[in-house]
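Work through the exercises below with the model open. Each task is followed by a stepwise solution.

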Amino acid sequence: MAFLVAGTLQAAAQVADTRESLGRKPSPALALPLQGRYGLQGPRAALLLSSPGVPARIPQLLEDAFRALGFHSCQRREAEAQAFLGELAGFREQLDAQGGPVGCALVAVVAPAGQLRQPLARELSRSTALRGCPKVLLLLSSAPGAPLQPGAFPSSLAELCGRAPQQPLLRLLTEVFLRVTEASPGATGCPVLRSSLRGSLCLQEVEPWKPEPEGVGTRYELAGARAALIVAVVRGRPGALRDVEALRGLCQALGFQTTVRTDATAQAFQEELARFREQLDSGRGTVSCALVALMAHGGPGGQLQGADGQAVQHEALVRELSRCRALRGRPKIFLLQACRGGHRDAGVGRPALSWFWRWLQAPPVTPSHADILQVYASAQGMSSGDPAPGSCEQADILTAYAAAQGHVAYRDESGSDFIQTLVEVIRAEPQGELLELLTEVNRRVCELDVLGPDSDEPRKACLEIRSSLRRALHLRP
């Protein structure tokens with residue numbers, strides 16, 4: 001079993017799950033408008049970085065999309081890929097020097113595969129002018145060894161942004177993903193997005209705001225059977241059993257035939273996923289959707305720790321289900337309640353207080369990794385390498401992590417912030433679109449202040465949502 005990591009995860013550095021998260025309470029209301037939508041007050045800023053040799057048609061298509069979304073001016077820079085981080089730092093400094101908030105920032109980066117590994121999102125999130133504001137990064141590359149050429153992704157993005165710019169950006173991107181895979185049936189992968197947004201992001205505002213209804217064929221068809229698997233380590237994890245019971249009840253209410261396994265060893269995690277996949281493939285009826293929830297101690301390298309102290313990589317579990325023939329073209333949902341490191345986020349606030357804020361209240365503190373949307377794709381519509389999805393089997397997957405990479409996922413005797421909030425939100429609006437519901441879950445989790453055993457100061461948490469869905473996903477009509 002090559003996927004198993006020998007030995008146990010080391011304390012603190014490798015396993016950072018909180019066993020006592022005390023004093024969880026909402027912080028002051030965050031500055032998101034009603035209906036969970038970003039207000040976008042302030043100017044918009046756009047930057048397009050491209051490496052030498054990129055065909056002019058690609059930046060032109062991206063600029064067309066930017067203009068349709070309300071970014072009427074865009075700075076363009078051509079530089080070697082290794083200089084992108086410095087160019088982005090200059091862009092950030094320019095925004096901060098303006099002395100006021102920026103409504104939204106949109107950065108597109110185009111370069112050959114393997115050259116987009118720099119921490120661009122981290123650099124952009126350092127901007128004081130963009131604190132609490134949405135930050136969008138589009139990262140496009142070619143397939144390994146292939147020249148950059150105009151292709152399905154930039155073309156589809158420009159066309160859809162021009163046709164329906166008032167729609168939420170996540171909805172537009174989902175349809176772009178569908179068009180890319182349909183236009184490139186022989187491609188090796190589907191684009192993927194990573195989101196920590198706390199609200200709906202509509203870049204071209206129309207008042208009164210109301211999203212257009214989804215057209216026929218834009219939703220996943222869920223008329224067939226639904227199956228859910230919950231694998232959780234509850235021993236030594238106070239509150240974990242409450243999460244299991246809450247999620248089991250939700251899955252059953254949504255029509256999922258649900259299997260629960262507790263205190264599984266690391267190898268049993270893999271065996272349960274393999275058994276689950278085999279059962280779906282051997283069934284006679286149509287399977288329309290699968291949900292897998294994995295709950296355990298975790299580590300910074302994506303490990304989940306079984307009840308035996310051994311570790312398994314969660315990516316191996318995702319790959320196991322992606323091989324399921326019965327789920328080809330069907331949505332696959334993964335929920336991961338586990339730490340991804342030991343960092344406890346103190347959050348960030350506004351750099352200075354106006355007299356109004358000093359008189360009224362301190363400005364809200366938001367998690368340092370919130371309000372970021374990253375999109376990984378290829379100019380040709382093929383997967384762009386790490387951290388793109390990797391193969392065509394990786395389409396139609398929605399994964400929600402309870403914490404950002406490297407951070408703690410909070411839980412106490414009442415259950416975890418993530419699972420308890422998720423159940424609350426979906427039970428309140430089960431007919432909602434799941435990607436939008438998870439964005440609302442993130443908003444509520446980001447509003448929580450958590451007092452842990454390590455400090456008397458409040459700490460913050462933020463989800464990471466990854467999606468290669470190609471249609472809207474509604475668990476109830």
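**Exercise 1.** Which residues line the largest cavity?

*Solution.* The model is predicted: local features need pLDDT of at least 70, side-chain atom pairs count only at pLDDT 80 or more, and totals for chains, interfaces and linings use all residues. Residues are numbered from 1 along each chain as its sequence is written, and side-chain values use heavy atoms, with hydrogens and water left out.

Step 1. List the lining: Leu250, Cys251, Leu254, Phe256, Leu291, Ile333, Leu335, Leu422, Ile426, Leu434, Leu438 and Leu475.

Step 2. Assign elements (DSSP runs: helices H or I, at least four residues; strands E, at least two). Two or more lining residues come from each of helix 6 (240-253), strand 14 (332-337), helix 10 (417-428) and helix 11 (434-447).

**Exercise 2.** How many disulfides does the structure hold?

*Solution.* Step 1. Apply the cut-off: a disulfide is a pair of cysteine sulfur atoms within 2.5 Å.

Step 1. Count: zero.

Step 2. Check Cys251. The nearest cysteine sulfur, that of Cys289, is 9.5 Å away.

Step 3. Check Cys446. The sulfur of Cys462 is the nearest, 4.1 Å away. Cys446 is buried too, at a relative accessible area of 0%.

How values were computed. Buried < 20%, exposed > 50% of the residue type's maximum accessible area, 1.4 Å probe, protein only. 1 Å grid on protein atoms, 1.4 Å probe; cavity = no way out; pocket = protein on both sides within 12 Å on 5 of 7 lines; lining within 4 Å.
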